[in-house]
Amino acid sequence: MINSDKFIKRLQKVIEYYGESASSFAEKIGVQRSSISHILSGRNKPSLEFVLKVLSAFPEVELYWLLNGKGTFPKTILEENTPPTPIIKNITKEIITPKPSHQKTIDRIVIFYSDGSFENFEK
């Protein structure tokens, strides 16, 4: 459940970051001006549709940051042709072969990227 007061502060931060007025912000996300006014005043809570419209119109806004304050704003956007960088620490290029007495083999390897995507490699 989101904290409405903190959500309002984060929404105001988004509006100020882009130098928008409440009216121009409402126009850009495709809602009525009264919707923004009611949310900012605390009269109404934001709907899922409202949140999705904000995320669609302003891709720098991160969902978890807007809802819960977790994450960053503005989020880092990777260039279109740049693949996500995997989070890998202390990996050596040495290939470890199992000892003959062990009958275990690797079936799959999964690499998780910092943007939440992943790659799955199977035999």
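1. Buried is taken here to mean under 20% relative accessible area, exposed over 50%, and partly exposed in between, with a 1.4 Å probe and protein chains only. On that basis, 19% of the 123 residues of the chain count as buried.

2. A note on provenance: this is a predicted model, in which local features need pLDDT of at least 70 and side-chain atom pairs count only at pLDDT 80 or more, whereas totals for chains, interfaces and linings use all residues. Residues are numbered from 1 along each chain as its sequence is written, and side-chain values use heavy atoms, with hydrogens and water left out.

3. The chain comes to five helices and two strands, where helices (H or I, at least four residues) and strands (E, at least two) are DSSP runs numbered from the N terminus. Read along the sequence, these elements follow the pattern α-α-α-α-α-β-β. Among the contacts in the chain with a separation of 6 or more, 43% come from residues 24 or more positions apart, contact meaning heavy atoms within 4.5 Å.

4. Helix H2 (residues 22-29) packs against helix H4 (residues 48-57) at an angle of about 90°, and their axes lie 9 Å apart; the axes are lines fitted to C-alpha atoms over the stretch in contact, and angles run from 0 to 180 degrees between N-to-C directions. H2 and H4 are therefore roughly perpendicular to each other, a term that covers 65 to 115 degrees, with angles under 35 counted as roughly parallel, over 145 as roughly antiparallel and the rest as oblique. The residues that meet are Phe25, Lys28 and Ile29 in H2 and Phe50, Lys53, Val54 and Ala57 in H4. By class, this contact has five nonpolar, no polar and two charged residues, where Ala, Val, Leu, Ile, Met, Phe, Trp, Tyr, Cys and Pro count as nonpolar, Asp, Glu, Lys and Arg as charged, and the others, Gly among them, as polar.

5. The structure holds one cavity of 30 Å³ or more, a cavity being a set of points on a 1 Å grid over the protein atoms alone where a 1.4 Å probe fits but cannot get out, with lining residues having an atom within 4 Å of a point. The lining of the largest cavity consists of Ser4, Phe7, Ile8, Ile39, Gly42, Asn44, Lys45 and Pro46, and helix H1 (residues 4-17) gives the most to this lining, with three residues.

6. Ser41 lies in helix H3 (residues 33-41) and is exposed, with a relative accessible area of 54%. Ser41 and Asp5 are 36 residues apart in sequence and 9.3 Å apart in space, C-alpha to C-alpha.

Note on methods: 1 Å grid on protein atoms, 1.4 Å probe; cavity = no way out; pocket = protein on both sides within 12 Å on 5 of 7 lines; lining within 4 Å. Points joined across faces, edges and corners; volume = space filled by probe spheres on them.
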